[in-house]
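Visitor: I've got a new model open and a few minutes. Can you walk me through it?

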Amino acid sequence: MYKSSYRRCGTLAWVLALLLAAAGCISPAVHKNVPAFASAVTLATENTKSAFETVEQTYEDIQAERIVVNYDMLGFHPKMVNRFLDLEDLQVRLTLLDALRRYASALADVSGDEKLDQFDDKTRALGSSLQSLTAKPAFQKFIASSARDANIAATAVNALGRWFIERKRQKRLPQLIDEMQDPVQRIAELLEADIGSAPDERGQGGHGLRDQLWNEHTQALLQQMAFIDHNKDRLDPASKAIEIRKLPAIVRQRSLADQTLKQTQATLSELVDAHAALLRATKAKTDVSTEFSVLLSEAQRIKSFYNSLQKKD
């Protein structure tokens, strides 16, 4: 009886040892894959933030042109100067982007050898802020603009918020990434849908931020043309030439602003694919860091694009 019990205990210990060894086998792949994923996501989200900054600057420039054109008729009042996105509306988008970045960084921490019984206070605070975000009017406005189901969107954001608040362990990493695949995808898709698309050649079919921004530039273009036509008899040839040259400049600004947002959409799509690749790598215990190179190279290319814009300024 004692020998049988001893054998059972020995067998149980052997099985436990195998399970622990299997859990440990995650680490080599994770150590290589997760940091690569985190680096790619960090650059991608920072680029998206830069896109909003670029759009705001472009919008500020186009507003200034419109004020000049309409000054004789409307004069100037500080209320004529507005942001493309109100600060509250912008903060919703920045909070979601920061959550994706912090999620990727947290994965890198969790996958390491450190014992993380809980995340630091800032990470937990981010989780709480995400959960409270869904109740704010700016979030509801954001959901409406992206034409997505409010309940599904709130569920995804809340799920990511809980992820930051709850305790996470390295041995559960495949499950943790699996749990977040859907929320990460839905949040990225929300941001993509919010950016939307530009209208066609007839000015129809657009939606989201790209449509709004395109129409603002188009309105500025029409006003500039009206200004030239109205003052054609009062402008000397040199002055008239200056005003006419502004027309292609406005067209270029419109295209530049739209491309900025369009490229951001592509990066968000690559982010979702990279997360799916990470999940496959963690489950299969294989190295797929090369699959992250698509996201990373795209993010680096867009960063160079933004840097070139700043140099032109």
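Predicted model: local features only at pLDDT ≥ 70, side-chain atom pairs only at ≥ 80, totals over all residues.

Visitor: What's the average pLDDT?
Guide: The protein averages 76. Of the residues, 75% score at least 70.

Visitor: Which element has the lowest mean, and which the highest?
Guide: Helix α1, residues 2-24, has the lowest mean pLDDT, at 35. The highest mean belongs to α8, at 89.

Visitor: Where does pLDDT stay under 50?
Guide: Over residues 1-27. For that stretch the model has eight contacts beyond four places in sequence.

Visitor: Switching to packing. How much of the protein is buried?
Guide: Buried residues make up 44% of the 313 residues.

Visitor: And what share of the contacts join residues at least 24 apart?
Guide: That share is 79%, counted among contacts between residues at least 6 apart in sequence.

Visitor: How many residues are in the largest nonpolar core?
Guide: The largest nonpolar core has 56 residues. L96, Y103 and L160 have the most contacts inside it.

Visitor: Which elements give two or more residues to it?
Guide: The list is α2 (26-74), α3 (87-110), α4 (121-133), α5 (137-146), α6 (150-165), α7 (173-195), α8 (208-230) and α9 (237-284).

Visitor: Which one gives the largest share?
Guide: Helix α3 does, with 10 residues.

Visitor: Back to Y103. What does it touch?
Guide: Leaving out residues up to four places away in sequence, Y103 touches L160, W163, F164, L176, I177, M180, V184 and H275. L160 is also one of the residues with the most contacts inside the core.

Visitor: Now V92. Which helix is it in, and is it buried or exposed?
Guide: V92 is in helix α3. V92 counts as buried because its relative accessibility is 2%, and the cut-off for buried is under 20%.

Visitor: What are its contacts?
Guide: V92 touches L133, A138, F139 and F142, again not counting residues up to four places away in sequence.

Visitor: How far apart are V92 and L130?
Guide: They are 38 residues apart in sequence. In space the C-alpha to C-alpha distance is 9.3 Å.

Visitor: New topic. At what angle do α8 and α9 pack?
Guide: At about 180°, with their axes 10 Å apart. Helices α8 and α9 are therefore roughly antiparallel to each other, since angles over 145 degrees count that way.

Visitor: How do the residues of that contact divide?
Guide: The contact of α8 with α9 has 14 nonpolar, five polar and six charged residues.

Visitor: Where's M225, and how exposed is it?
Guide: M225 is in helix α8. M225 is partly exposed, at 37% relative accessible area.

Visitor: How far apart are M225 and L247?
Guide: They are 22 residues apart in sequence. Their C-alpha atoms are 7.5 Å apart in space.

Visitor: One more: D258. Which helix, and buried or exposed?
Guide: D258 lies in helix α9. D258 counts as buried, at 7% relative accessibility.

Visitor: What does D258 touch?
Guide: D258 touches A198, R210 and W214, with residues up to four places away in sequence left out.

Terms used: Residues numbered from 1 in each chain as written. Heavy atoms only, no water. Core = buried A, V, L, I, M, F, W, Y, C linked by side-chain atoms within 4.5 Å. Buried < 20%, exposed > 50% of the residue type's maximum accessible area, 1.4 Å probe, protein only. Helix = DSSP H or I, 4+ residues; strand = E, 2+ residues; numbered from the N terminus. Contact = heavy atoms within 4.5 Å. pLDDT = per-residue confidence, 0-100. Axes fitted to C-alpha atoms, helices over the stretch in contact; angles between N-to-C directions. Parallel < 35°, antiparallel > 145°, perpendicular 65-115°, else oblique. Nonpolar A, V, L, I, M, F, W, Y, C, P; charged D, E, K, R; others polar.
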